[in-house]
Amino acid sequence: MGEEWLVSFEHPSAKTFLTVVQALGNIVDESLMNFSAAGLSVKALDPAQIALISIEIPSDTFITYHASKELSVGVNLANLLKTLPKPKKGDKLVFRANEEFYEFLIEGITTKRYKFRSVEVSASQIPEIDLDFKVKALAIAKALRDAIKDLKGAEVITFEAQDDKYLYLRAPELGAEAKLSKIGGSLLDMEVKEPSRNNYDEDYINKVLNLATISDTIEIRFGSGIPLNLSFTFVEGGSVKYLLAPKA
Amino acid sequence: MMQEYKVRNKLWPRPSIIYLRDEIYGPSPPSVYVGWRNYPKVVIGPSIARESEHASLYDYPESWLGIGLGELIKMRLSMIYGLRKANIEDVWSYGILKLQEIALSNKPVDIEMNVLRKGLIRPMLTRELPPLGPRTILQSLRIAGNVSLEKPIERVYYDTDLRANEAIIELYLNKVPISRIQKALSVGALGAMRVRKLVPTRWAITAVDDIISKELVKRVKELKELNEFLLYVGYGYDNLFIAILMPGPWNFEWMEAWFPGSAWNTEGTKVSIESDWEGPKGRTTYPSIGGCYYASKLAVAEHLVNGLRREATVMLYREIYEGFNIPVGVWFVREFLRRLFKEKPRKFSSLLEVKEFLKKVTRVPVDIWWRKSYILRNYGKGRSLYEFIKKEKR
């Protein structure tokens, strides 16, 4: 003990935080967690360059947040997720890091502490992708999660919107279809600039689908021939943006 | 496909005359051959090795890479087979049960064969099978030595409710060598009681490779995806093997480039390139390229499951040069790749870097075979986010 920490925070829900880390771990094995006065940000491109995940958790989301200087912590996610236990509801999470080590404390009835050495992760340039999405829909998180879960085994999920009324998720392989609409109560808002339709990889959508359990709404944006953007905004604060390239 | 090589006498010395006596006594490695012609009325019979000291080596492909191809062919062609006719469903007849006993043994078995003096068939070299020595007609057979069975083999042999593919997987998981499993399947020692059959050796080899690799691929798909590009390059016996493992779901391609003068392109003037591939769902048809496809798939799936513990998109490429002018069987591909995967791979961060590196490695210009490969041509196509960055910039 007695170590000097450059960054530390306390998050009200270990479950929420680790669900986000799990989603990140589904995409990359190693990643840089960047801490600044504004909060925590992570950006990672999967090795096949199909999906991009950006996590932003502003400092005011945490119970306490302290970053004495900007710090990037190289985290071996594969290892971390294997080691950390499944947190209980109500468990609090404390994170501390310096240039060499980082540690997680999961505080519930008992307090568990896990300390890791940071790994070298090259800070590769991940360029900004700015796309003109033709369809924008705000969906109830649970509704979208259930719809995608019901298309299990589809391999490819087709997103289609012709007008402002319905958003279709189709599984051509299974001959199945899920319909989301404002009238049905699964969509809160929908805007279609031009009718669009595109295929996305089911596996890649499933990698982040658990984020729906910790968010209220998900913003879906897509268009013909361009990537799919899912934005999860969390109840406790913070957000994850997930960009997924269309299937060939 | 099913071509056979007639070996000219000047190339291969005639087997020693001592084998042509009516009675032959010696160790069987063990090895029992089941022919495929005239199926379902096939020929079946054991073979005898020339020496008793290394007899087991005569039919044990797992250790053949170390001994050199010339030596191997000499050794294989010195074995003599005594064959008799049998219907594939006769697996419960006394004669076949005796052959099963020989084939399942894990040590060489001393046998005595009574064969006809005439009717010696010349040695045979095929793409699927290891080289086969001269064959003659078997009149009677006696097991003179002791037969010893391994526990896993004994268990599946006496379990007449266990289906053949389950038995094969059980044996594989119990670390029984592939060649032994192939022998067991071939002599009709596996499967549910009523459906046990003799399986021609060349079909059994492919069937076992196929069943095991399918099971391994199932496991590969449960693993996490690879996160870098790995390249394995191996050269030996006038063959070049290249394995490219890429991040992505299980996809597999096997490509062969036969140079003029090599075993399957003896009369051609151009390099002949063939390939076959499968997606994550596997394939339902027999690959045009033949049994090597399954042997190579097994080797790479085994490496992904036991070695890397990762899922990957796999491209395997082989160049076969002039010097490799005798087909030796698919074991060569399987064992060569298994050995190659024990080496340390080169790591790359993009497929382009891999291609750049290979420019100096392959004799066929890399652009040519790259374009012929379904997987390399389509890898990441229309799926990479980088495409959208470029699009936006323009």
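How much area is buried between chain A and chain B, and what percentage of it do carbon and sulfur atoms give?

## The interface of chain A and chain B

In this predicted model, the area buried between chain A and chain B is about 1900 Å², with carbon and sulfur atoms giving 55%; buried area here is the accessible area (1.4 Å probe) that two parts lose on being put together, summed over both. On the side of chain A, the residues that lose the most area to chain B are Asp29(A), Pro47(A) and Gln49(A), which together make up 24% of what that side buries. Counting contact as heavy atoms within 4.5 Å, 28 residues of chain A are in contact with 18 residues of chain B.

Two salt bridges are counted between the chains, a salt bridge being a side-chain nitrogen of Lys or Arg within 4 Å of a carboxyl oxygen of Asp or Glu. Lys224(B) forms a salt bridge with Asp29(A), and their closest N and O atoms are 3.3 Å apart.

## Helix 3 of chain B

Helices (H or I, at least four residues) and strands (E, at least two) are DSSP runs, numbered from the N terminus. In helix 3 of chain B, residues 151-158, the buried residues (under 20% relative accessible area, with exposed meaning over 50% and partly exposed in between, 1.4 Å probe, protein chains only) are Pro152(B), Ile153(B), Val156(B) and Tyr157(B). Seen down the helix axis, these buried residues fall within an arc of 130°, so they line one face of helix 3 of chain B; the arc is that of the directions from the helix axis to the C-beta atoms.

The buried residues of this helix pack against helix 2 (94-104), helix 4 (164-173) and helix 5 (178-186) of chain B, whereas the face turned away from the buried side carries the exposed residues Lys151(B) and Tyr158(B).

## Salt bridges within the chains

Over all chains, the structure holds 34 salt bridges. In one of them, the side chains of Glu160(A) and Arg170(A) meet at 2.3 Å, N to O. Glu160(A) lies in strand 11 (residues 156-161) and Arg170(A) in strand 12 (residues 166-171) of chain A, so the pair ties together parts that are 10 residues apart in sequence. Glu160(A) is buried at 8% relative accessibility, while Arg170(A) is partly exposed at 24%.

Arg170(A) also forms a salt bridge with Glu177(A), with the closest N and O atoms 2.7 Å apart. In chain B, a network of salt bridges links Asp209(B), Glu302(B), Arg334(B), Glu335(B) and Arg338(B).

## Basis of the values

Residues are numbered from 1 along each chain as its sequence is written, and chains are lettered from A and ligands numbered from 1 in the order in which they are written. Local features need pLDDT of at least 70 and side-chain atom pairs count only at pLDDT 80 or more, while totals for chains, interfaces and linings use all residues, and side-chain values use heavy atoms, with hydrogens and water left out.
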